[in-house]
Amino acid sequence: MSLALLRTAQDEAILPEEFATIPGAADSGTHGYLLYTLVRETQPEVCVEIGSWRGYSTAWIATALKHNQRGKLWAVDDCSLEGDTGWRELHANLQNLHVYDVVELVRENSLEALANGKVPDKIDFAYIDANHSYQGVKA
């Protein structure tokens, strides 16, 4: 991936004015632009994000899917970090960006969600940003 392509992504990704209303999302910088670019370039049909928290990465991926005019994101998080506060903020962020139509929220532990069939078996793009503990990473 070239630096020019990443700069193009930065220009495109900033398009929605609503993005500025999401605290922290616009500050995610290169991380967010990189996610956006990967989704724009690979044109996935099925995306899964493990660990959505407040929805910063969710916003970048969902915005790319909207710009692709195809694909869906399953955003999985049990909200154990902040409970209802993080969940409400995630919902508000998705509402501000008008991306609910490309996002399926799954409020469940990721291992349980996978075992219970809450996410598709075939995944084109996965972003894993969940349990960062040693035990969690080993699982």
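Buried means under 20% relative accessible area, exposed means over 50%, and partly exposed lies in between (1.4 Å probe, protein chains only). The model is predicted: local features need pLDDT of at least 70, side-chain atom pairs count only at pLDDT 80 or more, and totals for chains, interfaces and linings use all residues. Residues are numbered from 1 along each chain as its sequence is written, and side-chain values use heavy atoms, with hydrogens and water left out.

**Exercise 1.** Decide whether Ser57 is buried or exposed, and place Ser57 in the chain.

*Solution.*
- Take the relative accessible area of Ser57: 10%.
- Buried means under 20%, so Ser57 is buried.
- Now locate Ser57: helix 3, residues 56-68. Helices are DSSP runs (H or I, at least four residues), numbered from the N terminus.

**Exercise 2.** List what Ser57 touches, leaving out residues up to four places away in sequence.

*Solution.*
- A contact needs heavy atoms within 4.5 Å.
- The partners are His31, Leu35, Glu49 and Tyr127.

**Exercise 3.** Classify Cys47 and Cys79, then find how many disulfides the structure has.

*Solution.*
- Cys47 has 1% relative accessibility, so Cys47 counts as buried.
- Cys79 has 7% relative accessibility, so Cys79 counts as buried too.
- A disulfide is a covalent bond between the sulfur atoms of two cysteines. The search takes pairs of cysteine sulfur atoms within 2.5 Å.
- Across the whole structure, the search finds zero.

**Exercise 4.** Describe the chain as a whole.

*Solution.*
- Count the elements: six helices and four strands (E, at least two residues).
- Read their order from the N terminus: α-α-β-α-β-α-β-α-β-α.
- Check burial: 42% of the 139 residues count as buried.
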